[in-house]
Amino acid sequence: MLPWARITGERPLNAIPSGKRAPCSLVAPAPHLPQVLQIGQLKMISANSSFKAIIIGGGPVGLATAHALHLANIDFVLLERRPAIVEDKGASLIVHPHTLRVLHQFGVLDELLPRGAELSHHLSFLASGHVFNESNRYTQIRENHGHGPVAFHRAELVETLYNGLPTTIRENILTDKKVVDIQTAQDGVTVACADGSTFLGSIVIGADGVHSKTRLLMRGLALAEDPSREWDPQQPYTAEYKLLFGSFPSPSPPGQGYDIQAKDRAIMYFSGPERGWFFLYKRLQKPTSERTSYTDEDIDKMAKEFAEFPLTRGVKVKDVWPKMLGSGLTNLDEGLVKNWSFGRIVLVGDACHKMTTHLGLGFNHGIQDVVVLCNRLRKSLQATPSGKVDANTLTGVFFEYAAVRMGSLSSLTGDIYKSGLETRMHAWHNLGYYVLSRYLSVPSAVENLVMQYMMMPEFRKGQVLDYVFKEERMKGKVSWIYSMGFGQHDD
């Protein structure tokens, strides 16, 4: 196998274009490789093995992949198209206890927890401000699994994941790397970037999100080989809602997770140690699979439509809007990709599945992808000490990974459905959803049954890295199916 990195015409990767500055103190441009003396010179990061992984995407799931590969002693390079890994963009991420276990294996849990807020109080409002339900769902999760869900600012979680990697490993994380092409062969893959740099490796792991370039290029390769084969469409997801998200100085104590319900509109509100976050949902006129670009005017218009909606008992959207620290508007895609891999290319995270944000499960499922994939990849490499894993073996590893994630051993397919159900209930999508949300699901006995028979068994399925031994930190009434590194159960 050839070395994976050929760098040509490089400029310092941490340079910020003139006149532009990434916001606030969270900026952490990735290190760059040493200056290459001659065009076409090869630069090898590690010579421990001939097996190299190329991760595309430097978001939370891409960085989690870097951690899992590093702990498995698998060489990698990560390519991120943006100029910096850490940018103060996005809203919050909800991290559930089965994911906290994996973050503990990464060695970042103690650094991360003080930066978030464990959710402890839930209220349901009408748009008028009337509170029609107060539930103990977060308390039940804590009692069952040893910790409640935690709300983090996305940029701070990314920063912690990035800084949690050893300095020498962070040198493998490259920015300003916009992928434009992937070519596969029997013995490896080649990834080309817009700046002219080329990377050679053994596999590509696409962690590049909803609008995944990896997924698009993989589709092209599959259909070029056999135009008649069935494959996912270029836009595999569908949106029935659009979502305005944002962060602002928190107007309430940390740990609140509230929902606000109305016809064709809904809000989720979370409060952290310093910031609050809202997610404003509005039903589209018709479902769409097309990518939509929204303007600042679109954002302001939607915010005005929600201005009088409550976030808490005493705070409305209009009260926090002038203090916004960041916001964005996007379609709320949903769906499950059928084809997760082709040859030496495999997808993780939102690149292969997308759910609405109402249950806060998206990032957690990306972590589960990484765990299941890396457990199997490491076992395959252990059986091939030379690191020269052939394409057929990798195809089997990738098929098994996808089968586990989409099967009964995982909660993925059910959670995509439940997340969409929750969104439609809160937005009163039709009369049935309205009755279910306002009346049938409100009694505490009903919620207790949902938590016991729908949520708790699914959280238990959360897998962990089977090659990292750690003391169990998440201890509740309910045992975990997969212990912390002392053996995995796949049946």
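Predicted model: local features only at pLDDT ≥ 70, side-chain atom pairs only at ≥ 80, totals over all residues.
Which residues in α4 meet which residues in α14?

Analyst: On the α4 side, R137, Q140, I141, N144 and H145 take part, and they meet E447, N448, M451, M456, F459 and R460 in α14. Sorted by class, this contact of α4 with α14 has four nonpolar, four polar and three charged residues.

Two packed helices are described by the angle between their axes and the distance between the axes. Here α4, which covers residues 137-145, and α14, which covers residues 444-460, pack at an angle of about 45°, and their axes are 11 Å apart. That angle makes α4 oblique to α14, and the crossing of the two helices is right-handed.

As for the aromatic pairs, a search of the whole structure finds eleven. One of them joins F306 and F309, a tilted pair with 5.0 Å from centre to centre and 50° between the planes. F306 counts as buried because its relative accessibility is 0%, and F309, with a relative accessible area of 10%, is buried too. In the pair of W428 and Y434 the ring centres are 4.8 Å apart and the planes stand at 85°, so this pair is edge-to-face. W428 is buried, with a relative accessible area of 14%, whereas Y434 counts as partly exposed because its relative accessibility is 25%, and buried means under 20%. Finally, F125, F248, Y258, Y269, F278 and W321 form one aromatic cluster.

Methods: Residues numbered from 1 in each chain as written. Heavy atoms only, no water. Axes fitted to C-alpha atoms, helices over the stretch in contact; angles between N-to-C directions. Helix = DSSP H or I, 4+ residues; strand = E, 2+ residues; numbered from the N terminus. Parallel < 35°, antiparallel > 145°, perpendicular 65-115°, else oblique. Left-handed = near helix turned anticlockwise from the far one by under 90°. Contact = heavy atoms within 4.5 Å. Nonpolar A, V, L, I, M, F, W, Y, C, P; charged D, E, K, R; others polar. Phe/Tyr/Trp six-rings, centres within 6.5 Å; stacked < 30°, edge-to-face > 60°. Buried < 20%, exposed > 50% of the residue type's maximum accessible area, 1.4 Å probe, protein only.
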